[in-house]
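Thanks for passing this one along.

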Amino acid sequence: LWIVVIRFQQVRDYGNHGKANVASVVLGFISSLGISVIGNFQQSVLKSIHLLGAFLAFFLGLAYFWLQLFLTYRAQPSQDRCWVGPARATCCILCTILAIVS
């Protein structure tokens with residue numbers, strides 16, 4: 001949760017106070033909640049709740065990744081962070097492919 005809040009503040013400090021930044025906080029919190037649900041409800045005991053947590057963690061977490069990529073390219077260009085956008089794009093594409101394949 002702290003990483004989500006720190007990233008929200010960082011994007012806000014870069015001058016982006018828009019709805020995409022607020023949506024990223026919401027998606028990040030829900031994804032974190034999904035990770036907690038996965039850890040607290042075993043698949044053998046409550047499979048439906050465990051799978052709900054997995055959906056929240058993986059698919060909404062993936063949406064959070066893509067939203068962070070969008071916010072990265074919307075931020076002011078900087079020479080010291082020129083590698084961050086392509087690195088995030090690579091991770092997003094790889095995660096999306098792996099989520100579809102598995």
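This is a predicted model: local features need pLDDT of at least 70, side-chain atom pairs count only at pLDDT 80 or more; totals for chains, interfaces and linings use all residues.

1. Let's start with the core. The largest nonpolar one is made up of nine residues: Val4, Val11, Ala20, Leu27, Leu56, Leu60, Tyr64, Leu67 and Leu71. Two or more of these residues come from each of helix H1 (2-13), helix H2 (19-40) and helix H3 (47-74). H3 is the biggest contributor, giving five residues to this core.

2. Val11, one of those core residues, is worth a click. If you skip neighbours within four places in sequence, Val11 has contacts with Asn16, Asn21 and Leu71. Leu71 is on the core list too.

3. That brings up Asn21, which sits in helix H2. Is Asn21 buried or exposed? Asn21 has a relative accessible area of 1%, and because the cut-off for buried is under 20%, Asn21 counts as buried. Again leaving out neighbours within four places in sequence, Asn21 is in contact with Phe8, Val11, Arg12, Asn16 and Leu71.

4. Ser31 is another one to look at in helix H2. Ser31 counts as buried, at 10% relative accessibility. Which residues does Ser31 touch, not counting those up to four places away in sequence? They are Leu56, Ala57, Leu60 and Gly61.

5. Now the largest pocket, which holds about 520 Å³ of space. At least two lining residues come from each of H1, H2, H3 and helix H4 (84-101). H3 has the largest share of the lining, with eight residues. Sorted by class, the lining has 15 nonpolar, six polar and two charged residues.

6. On to the aromatics: how many aromatic pairs does a search of the whole structure find? It finds two. One is Phe55 with Phe59, a tilted pair at 5.6 Å centre to centre with 35° between the planes. Phe55 and Phe59 are four residues apart in helix H3, so about one helical turn separates them. Phe55 is partly exposed at 43% relative accessibility, and Phe59 is partly exposed at 44%.

7. Tyr64 and Phe65 also pair up: their ring centres are 6.4 Å apart and their planes are at 55°, so this pair is tilted. Tyr64 counts as buried, at 12% relative accessibility, whereas Phe65 is partly exposed at 40%.

8. Last, Cys91, which is found in helix H4. With a relative accessible area of 48%, Cys91 is partly exposed; the cut-off for exposed is over 50%. Cys91 and Ser48 are 43 residues apart in sequence, and their C-alpha atoms are 29 Å apart in space.

Definitions and conventions:
Residues are numbered from 1 along each chain as its sequence is written. Side-chain values use heavy atoms; hydrogens and water are left out. A nonpolar core is a set of buried Ala, Val, Leu, Ile, Met, Phe, Trp, Tyr and Cys residues joined through side-chain atoms within 4.5 Å. Buried means under 20% relative accessible area, exposed over 50%, partly exposed in between (1.4 Å probe, protein chains only). Contact means heavy atoms within 4.5 Å. On a 1 Å grid over the protein atoms alone, a cavity is a set of points where a 1.4 Å probe fits but cannot get out, and a pocket is an open set with protein on both sides within 12 Å along at least five of seven lines; lining residues have an atom within 4 Å of a point. Grid points are joined across faces, edges and corners, and a volume is the space filled by probe spheres set on the points. Ala, Val, Leu, Ile, Met, Phe, Trp, Tyr, Cys and Pro count as nonpolar, Asp, Glu, Lys and Arg as charged, and the others, Gly among them, as polar. Rings of Phe, Tyr and Trp (its six-membered ring) pair if their centres lie within 6.5 Å; planes under 30 degrees apart count as stacked, over 60 as edge-to-face and the rest as tilted.
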